[in-house]
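Try each task before reading its solution.

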Amino acid sequence: MKNSEFRITTDSLEKPAAHLPIEGYGALVEFLGVVRGEEEGKVISALRYEAYGEMAAKVGQKLVEEVASKHDILAMEVIHRIGEIKNGETSLRICVYSKHRKAAFAACTDFIDRLKQDVPIWKHPISKSS
Amino acid sequence: VKLKVLFFGPARILTHESEIEVELSGEATVQDAVDLILNRYSKLKEISNSLRYALDEEYAEGAMQIHDGQTLAVIPPVQGG
């Protein structure tokens, strides 16, 4: 599928996503993963994400293409931020464009489940005191 | 066979290493390299049951043969999202 992309960035994801120039879609599902200020019951101030960059990019791209193809998605864009991300900031953005909503929701959920199994990214909590 | 080994996440914290080089004699497999690494970094054994390995950026099985100059990554359970 041409319109599928996974990438890793150190840039902020706080700006609203610019929509892709896709024609014919009737549903756009946008998911934001946000640092919630708590990790395993402990209060934190941020998470620091690290990635095995080259492999994460390869595995993530393959996953996006597989998921988009499986759910007949018109376009799918996934950006994972790494580095230090403060509470309330976005670590992951997924935009899925499809003809109908069910496919877009399913693709989004499917992708996140698989990202959490296979894409080599790790997070380290940063406590309030450190 | 010379192999570059990368450690990530909890594996990097337990070994205090991010990158090392190891040398194995003769025909060697991923499992041979893993055994060597676990012997050298005994703290890594605490999480060895959950570890996966990647050879040149692809997940690898223990029986896979390794070749000179390849890169083996020690991959603890991933935590993206």
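**Exercise 1: the chain interface**

Task: find how many salt bridges there are between chain B and chain A, and look at the surroundings.

Solution. Step one: the count between chain B and chain A is three salt bridges, a salt bridge being a side-chain nitrogen of Lys or Arg within 4 Å of a carboxyl oxygen of Asp or Glu. Step two: B:Arg12 and A:Glu50 join their side chains in a salt bridge, at 2.6 Å from N to O. Step three: 21 residues of chain B are in contact (heavy atoms within 4.5 Å) with 21 residues of chain A. Step four: about 1700 Å² is buried between the two chains, and carbon and sulfur atoms give 54% of that area. Buried area is the accessible area (1.4 Å probe) that two parts lose on being put together, summed over both.

This is a predicted model: local features need pLDDT of at least 70, side-chain atom pairs count only at pLDDT 80 or more, and totals for chains, interfaces and linings use all residues. Residues are numbered from 1 along each chain as its sequence is written, chains are lettered from A in the order in which they are written, and side-chain values use heavy atoms, without hydrogens and water.
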